[in-house]
Amino acid sequence: MPLFASHQAPTPDKILRVMQAFREDERPDKIDLGVGVYRTPDGKTPILRAVKTAEQRLIDGQTTKGYVGLAGDPTFHTAVRDLVLGPAVPAERIAALATPGGTGAVRQAFELVKLARPAARVWTSAPTWPNHEAILDTLAMPWRPYRYYCPETGGIDRAGLLEDLSRTETGDVVLLHGCCHNPTGADLTLDDWDAIATILNARGAVPMVDLAYQGFGQGVETDVAGLRRLVSAVPEALITVSASKNFGLYRDRVGLVLTVCDTARAATAVQGTLAWLNRQSYAFPPDHGARVVTEILGDASLRADWEAELDGMRERVVAMRLALSDALRAESGSDRFSFLQAHNGMFTLLPATSDQVATLRRDHAVYMIDDGRINLAGLTPDTVAPAARAIASVLG
Ligand code: LMR
């Protein structure tokens, strides 16, 4: 019997399904509010100016493509660690691992947790990015949701969140979103971060913070203020970082795991384990994109240009968010969509059923994720009005 004779491929997740369906739709006026990538008003996902310059420097100056260390280049670790954590935790308590993208970081962080505590249970926000749960299932790691989002208000279910986290047990891992919560767009306040730190410390649970949109919420520093307060208040934490969105390096796969340990000795041991984890999966992590990020963060003028362009991307997304909210108010004759304005980053979760999402796709060529998640960066000044008209007419 051939090995693959009765092989069945797993069903692609809901984000990948929308990408595929959008690609196959031949209607010229189709609107893509699906996958979370940034787009310019003419629908392009640009290469940032600072990235182009840094890449040119690499091409001109690089003299070898020999292997880097298993954990990646230490200057990359330091550059991204400083960007994310600033002075929140002493460097000797942090172990770091370069990975292929933020997804690779999430995978390796879960692998590390499983290795350290095979029975560890991971709590995920309800809802969360679908790949969080899919990777946990793939690793056969137990997980359970904690209450996070309140569809009635479009805000955080604060009481539910804190009540659920007060049921965590010693050694549990609580997965949080650093900013620009995916899929809801509803972010924690600084008081929420403090309250979570207090509960996790009392319960002995470990936070893991996935950070994929630094700079898309309020700004590069403001977006990590809560995360920094959390990590400075707890003995241990995992942080997974993606450079896909804020450096626009999607296909170059640039990610980092930062593991905050309670002692420098533990960090040294974890550093060895992280390197070993890379060795067991793909040996050496990709280097090109990581080096581009390091070059940008280490050069004052490139860094200023990167921040300026990132500010511009954020402002465009905010402008589309406000324009859609206004257009929905006009189309629906109500304030029921005004919660959009309180959200951060690329996403907002619309209160749409999967049937309504299917109708929007079939009758209006407006594509969003089945759960109602829309990517505001997929809108342009020209598509706000037709998108709002379609959404208001289908959602009633
Ligand atoms: C998204 O949430 O749409 C992005 O992070 C892309 C992905 O890999 O799912």
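Analyst: Gladly! Contact here means heavy atoms within 4.5 Å, and helices (H or I, at least four residues) and strands (E, at least two) are DSSP runs, numbered from the N terminus. With that, what covers the buried residues of helix H13 (residues 384-395) includes strand S1 (31-32), helix H11 (300-332), helix H12 (354-364) and strand S12 (366-367). This is a predicted model, where local features need pLDDT of at least 70, side-chain atom pairs count only at pLDDT 80 or more, and totals for chains, interfaces and linings use all residues. Residues are numbered from 1 along each chain as its sequence is written, and side-chain values use heavy atoms, leaving out hydrogens and water.

User: Which residues of H13 are buried?

Analyst: Buried means under 20% relative accessible area, exposed over 50%, partly exposed in between (1.4 Å probe, protein chains only). Val384, Ala387, Ala388, Ala390, Ile391, Ala392, Val394 and Leu395 are the buried residues of H13.

User: What makes the reach of H13 close to the expected one?

Analyst: The expected span is 1.5 Å times one less than the number of residues. H13 has 12 residues and reaches 16 Å from its first C-alpha to its last, close to the 16 Å expected. Just after H13, Gly396 takes a positive phi of about 75°.

User: Why are S2 and S4 called edge strands?

Analyst: Two strands pair if DSSP finds at least two bridges between them. Strand S2 (94-99) and strand S4 (143-147) each pair on one side only, in an open sheet of 7 strands ordered S2-S10-S9-S8-S7-S3-S4.

User: How do you know that S3 and S7 pair?

Analyst: Strand S3 (residues 122-126) and strand S7 (residues 173-177) share 2 bridges in the parallel sense, so they meet the requirement of at least two. Val122 has Val173 as its bridge partner in S7.
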